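Keep the 3D view open as you read.

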Amino acid sequence: MPTVQVTDLKNGDFLLDVREDDEWQAGHAEGALHIPISEFVARYGELTEAAPQDGRVHVICRSGGRSAQVAMYLAQQGVDAVNVDGGMQVWAASGRPVVTDEGKSGHVL
């Protein structure tokens with residue numbers, strides 16, 4: 001499974017957050033698309049509409065387990081998808097902003 005480090009991500013990279021709603025509401029990366037893993041197959045069309053046509057999908061969860069599953073599924077569908085190693089825990093620990101839907105400072109559950 002292709003993996004990238006949080007430090008490899010640049011502003012503007014497409015980020016798909018597959019954590020559940022309570023995790024998302026506590027805090028997430030600004031601009032990420034949220035589709036919980038539990039709803040992913042049913043909401044797959046939302047990803048295909050939002051993702052860049054010829055771009056990479058960076059999949060993130062709390063620590064990297066769920067996002068690896070989704071990235072593998074996407075790769076099987078022919079999507080250029082990679083898992084973000086360490087997930088939102090490493091995202092926050094590296095000093096990247098974690099926000100709520102209201103734009104306030106959030107935290108990782």
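**From the strands to the core**

β1 and β5 pair in the parallel sense, over two bridges. Within that pairing, V4 has V84 of β5 as its bridge partner. This is a predicted model.

Now look at the two faces of β5. In a regular strand, side chains alternate between the two faces of the sheet. In β5, A81 and N83 lie on one side, and V82 and V84 on the other.

P2 sits in the segment before β1. Leaving aside neighbours within four places in sequence, P2 is in contact with A81, V82 and N83.

Next, follow the chain between β4 and β5. Together, β4, α3 and β5 make a right-handed β-α-β unit. The helix, α3, spans residues 65-76. It has twelve residues and reaches 17 Å from its first C-alpha to its last, close to the 16 Å expected at 1.5 Å a residue.

Which residues of α3 are buried? They are S67, A68, V70, A71 and L74. Seen down the axis of α3, these buried residues fall within an arc of 165°, so they line one face of the helix. On the other side of α3, Q69 and Q76 are exposed. The buried residues of α3 are covered by elements that include β2, α2, β4 and β5. After α3 comes G78, with a positive phi near 90°.

The largest nonpolar core has 16 residues. Those with the most contacts inside it are L16, F40, L47, V57, V59, V70 and L74. β2, α2, β4 and α3 each supply at least two residues of this core. α3 gives the most, with three residues.

Not counting residues up to four places away in sequence, L47 touches F14, L16, L33, I35, F40, V57 and L74. There is also a second, separate core, of 13 residues. Its members include W24, V82, W91 and V98.

Conventions
Residues are numbered from 1 along each chain as its sequence is written. This is a predicted model: local features need pLDDT of at least 70, side-chain atom pairs count only at pLDDT 80 or more; totals for chains, interfaces and linings use all residues. Side-chain values use heavy atoms; hydrogens and water are left out. A nonpolar core is a set of buried Ala, Val, Leu, Ile, Met, Phe, Trp, Tyr and Cys residues joined through side-chain atoms within 4.5 Å. Buried means under 20% relative accessible area, exposed over 50%, partly exposed in between (1.4 Å probe, protein chains only). Helices (H or I, at least four residues) and strands (E, at least two) are DSSP runs, numbered from the N terminus. Contact means heavy atoms within 4.5 Å. The expected span of a helix is 1.5 Å times one less than its number of residues. The arc is that of the directions from the helix axis to the C-beta atoms. Two strands pair if DSSP finds at least two bridges between them. A crossover is right-handed if, with the strands pointing away from the viewer, the path from the first strand over the helix to the second runs clockwise.
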